[in-house]
Amino acid sequence: MRGLGWLAYLTVGTALLLAFLYAPPEAVMGEMVRFLYFHVGSAWVAFLAFGITALASILFLWQRRFLYDQWAAASAEIGVLFTAITLITGMFWARAVWNVWWRWEPRLTTTLILWFIFVAYLLIRSAIEDRQRRGVVAAVVGLVGFANVPLVYLASRLWGGFHPAGAHLEGRMVVALLVSVLAFTVLYGYLFLLALRVRRLEERTHHLYWGGDSF
Amino acid sequence: MSPWRAFVLFLQREAAIQARRPELLAHFLLYGFLLALIFSLAVDPVEKDPRPVAAGLLWLSYIFAALQGFDRTMARERAGGALEGLRILPLPPAALYYAKVAAGWLALLLAQLAVTPLFLVWIRWGMPQAPGLLILSLALGSLGLVALVVFISTFTSGLRSGAGLLPFLVLPLLAPLVMAAVRLTGAALTGDLGEAGVWLKLLLSYDIVFLVLLGWAFPWALEE
Amino acid sequence: MTYLVAGYLVIWTLIFGYTLILGRRVGEAERRIARLEKEGKRHG
């Protein structure tokens, strides 16, 4: 656990060095291409996290084991954080390259709506005390939210699109990008275990204090 | 008992409740009128031209009316123990869901019939260019809106600290419907039908996806 | 370049902040568990 933490910050540090010192500026975006590495990395982690939340929600509804509910909750929290990071890096990049902070563009709109859905997901989790009911409600909200995403994407695509579908990357940039994605994945693994541990410990304090298992 | 028969029974129950005390319709009407009034004043119809945002304001009124109306009625049903009683009946919960959606949809359509013309007068629009399409867009948009709000308010009504959570859950899920319904209603108002077909299809797919998905998931919303 | 630095500052504040919050919650829970186990159950 502690080892994974060090590994996470080591790979992230390496990715940071590669992004700033090793990778060259890009022809069109110039230095701003350095946002790309962490933007793509955090976007990947955000979708990975929400995917795991959806998967854990299905498993929970199916088998009713609270371990899955804890997975879903921990992963959703990290997903919200990394979606926020994706949006923020995207906004800074947009300000520098498009000269505006925001555009109502399919990927931006979809990502923002996704963020709001999972913020609501976390809100509703904190509003329910009974853990049986909380697990069920959260799982259904998570799954319905997930099903909504393709519709949001479709709707906002009809409004017009600007998001770069791909950039022309040369060798060193590809290396930096791959290392960033790897680093963020390791970081996700570490944060996920940490968030899970917090939940297990807090459940235990509750158990010790109140007795029973009504967490 | 066949699911269809159960649906008819539940629908009769909703009708009886609303006939005795038309709470939903009253909320939709009053909220719709009030918001239409406040929005008309907020955009200052004399000085500026509010027409480009008319469709958006109209839909905002209906969204908030739906949130408010269902928040109240569901809380009442939950507090009276009615939902718990309905839940333990040996009838398909989906039939209850579709009956609630049908009743709420009808009430919202009735309210829109009264509010929409008055709103168009207040913002000095006059006749919509494509009245048929306007009615169609209001009907299809309301169907998806009611389908979602009935489901989520059933959830939140069962939570002790769930008051006020309804909009946080509904509004992000409503985003695609808002985009499609506002564009379609706008097209009906201005008569600029170039993109209407695309938005109509999107609105229809939203309605179908949410009606099917939420009908299937309704037992979990009812669960205590 | 200003945007680049500002953007990176914001994201690292968020990530480190979240890690710190989790760490504090772990520490707090561990302290409470230790105390509760010493005192015995208060209820039930």
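I take a salt bridge as a side-chain nitrogen of Lys or Arg within 4 Å of a carboxyl oxygen of Asp or Glu. I am working on a predicted model, where local features need pLDDT of at least 70, side-chain atom pairs count only at pLDDT 80 or more, and totals for chains, interfaces and linings use all residues.

**Entry 1: salt bridges in chain B**

I looked up B:Glu77 and found its side chain in a salt bridge with B:Arg13, at 2.4 Å from N to O. B:Glu77 sits in helix α3 (residues 54-79) and B:Arg13 in helix α1 (residues 3-20), so the pair ties together parts 64 residues apart in sequence. I took helices as DSSP runs of H or I with at least four residues, strands as runs of E with at least two, numbered from the N terminus. B:Glu77 is buried, at 11% relative accessibility. Here buried means under 20% relative accessible area, exposed over 50%, and partly exposed in between (1.4 Å probe, protein chains only).

B:Arg13 also meets B:Glu14 in a salt bridge, at 3.0 Å. B:Glu14 is buried too, at 7%. I then noted a network of salt bridges linking B:Arg13, B:Glu14, B:Glu77 and B:Lys100.

Next I checked B:Glu84 and B:Arg87, which form a salt bridge at 3.2 Å, N to O. They are three residues apart in helix α4 (residues 82-87), about one helical turn. B:Glu84 is partly exposed at 31%, and B:Arg87 is partly exposed at 31%.

**Entry 2: chain C against chain A**

I counted contacts (heavy atoms within 4.5 Å). Two pairs of chains touch, and A and C have the most contacts. Chains B and C share none; their closest C-alpha atoms lie 23 Å apart.

On the C side 27 residues touch 35 residues of chain A. The buried area is about 3,200 Å², with 76% from carbon and sulfur atoms. I define that as the accessible area (1.4 Å probe) that two parts lose on being put together, summed over both. C:Tyr3, C:Tyr8 and C:Tyr18 supply 21% of what chain C buries against chain A, more than any other three residues.

I found two salt bridges between chains C and A. C:Arg25 pairs with A:Glu202, closest N and O atoms 3.0 Å apart.

**Entry 3: chain C itself**

Chain C has one helix and zero strands. I placed C:Glu28 in helix α1 (residues 2-39). C:Glu28 is partly exposed at 42%. Its C-alpha atom lies 37 Å from that of C:Tyr3, 25 residues apart along the chain.

Methods
Residues are numbered from 1 along each chain as its sequence is written. Chains are lettered from A and ligands numbered from 1 in the order in which they are written. Side-chain values use heavy atoms; hydrogens and water are left out.
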